[in-house]
Amino acid sequence: MWSSLNEWLWQERFWLPPNNSWAVLEDRDGLVYAHPQDMLLALPLALALVAVRFTFERFIGLPLSRWLGVRNQTRRPVKPNATLEKHFLMEGQRPTEPQMSLLATQCGLTLRQTQHWFRRRRNQDRPCLTKKFCEASWRFAFYLCSFIGGISVLYHESWLWTPVMCWDSYPQQPLKPALYHWYLLELSFYISLLITLPFDTKRKDFKEQVAHHFVTITLIVFSYSTNLLRIGSLVLLLHDSSDYLLEACKLFNYTHWRRVCDALFIIFSVVFFYTRLVLFPTQILYTTYYESVANSGPFFGYYFFNALLMALQLLHVFWSCLILRMICSFIKKGQMEKDVRSDVEESDSSDGEAAQEYPRLKNRAAHRPGAAPTDGPRSRAARQMANGHTSAT
């Protein structure tokens, strides 16, 4: 059964242009071609990268964060409360107003005390700056090395400067060792990102990041298996050209070097818009959609590959909108917000801050239509907490 399924899946009419067969991609006369089974090496290599990453973060990222003055915010732990903890873990971290009132009654607390407990409990689970810095430093190191390595591999190749050359003699294009190693390393890295995703800082664009990783891994595996290495290498290099700038921007943001961070943000935005919204559609998508089938008819692999590239472009547009919002904020306020592009994380508000989640009345009492009143007179500290702090984002 497995052999039948494998034979059906790898039918030549699916993955290769008309009048071509897998036989033309067999190694011969000293020429080596790409074979799908070569990518299996990426699995153990991804696990090795995970080990390298944790070693890097422990012995390089962490000391570097301390040397640059990254300090974690002190957070006092919440008082143990079995009822509230159960709701926090089972029902949700942000109870609705009726749920909050019911929980306050069950625990014998005021509504404000219950709100404060959930706010402090959420803060307790938020990642510290040191963790964010270490994660960003690892990605910066990899993306920078990958970009430099990609430039060194492709600099003397004709298709880097003339994308239409990606289809010269396709699919009979021999595999060069340097290109294979770079391709394998990129695939292993994105697999390692999926492996560590549950342990990394969860961002607001978490679903888009997962979709991006899956699309990227599928593109790498598919392009290698069908010998689309030339156009695939251009896609990888184009993405690496801005990714390391984003991670560098985050590093300086965590260290509060605002001017350097702002300057890098501007450079990153220009590079991102040019590579993702100009070069990618006009050079990559154009050549894969039109020039790839200039000498042959379309086939399933043609449609599949272009569909993946279009999905990638939609993600580019999504992140471009987020960057534009940050640019508008940057122009208005004169400095960049804490969050960079799509890597927006919940801000670390201090434990003493009781964020105003409801509008204030003229007497500064927090109120919302239908809100349950707090029982008992407010203490001076409670009044200060209600009136003297701005809302946390």
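Predicted model: local features only at pLDDT ≥ 70, side-chain atom pairs only at ≥ 80, totals over all residues.
Biologist: What makes the pair of Phe-300 and Phe-304 stacked?

Modeller: Their ring centres are 5.9 Å apart and their planes stand at 15 degrees; because centres within 6.5 Å make a pair and planes under 30 degrees apart count as stacked, the pair of Phe-300 and Phe-304 is stacked. Both belong to helix α13, where, being 4 residues apart, they are separated by about one helical turn.

Biologist: Why is the pair of Phe-222 and Phe-304 called edge-to-face?

Modeller: The centres of these two rings lie 5.1 Å apart, and their planes meet at 65 degrees; since planes over 60 degrees apart count as edge-to-face, that is the name for the pair of Phe-222 and Phe-304.

Biologist: Which parts does the pair of Phe-222 and Phe-304 tie together?

Modeller: Phe-222 lies in helix α10 (residues 206-225) and Phe-304 in helix α13 (residues 300-333), so the pair ties together parts that are 82 residues apart in sequence.

Biologist: Which residues do ring pairs link into a cluster with Phe-304?

Modeller: The cluster linked by ring pairs holds Phe-14, Trp-15, Phe-222, Phe-300, Phe-304 and Phe-305, in a structure with 27 aromatic pairs.

Notes. Residues numbered from 1 in each chain as written. Heavy atoms only, no water. Phe/Tyr/Trp six-rings, centres within 6.5 Å; stacked < 30°, edge-to-face > 60°. Helix = DSSP H or I, 4+ residues; strand = E, 2+ residues; numbered from the N terminus.
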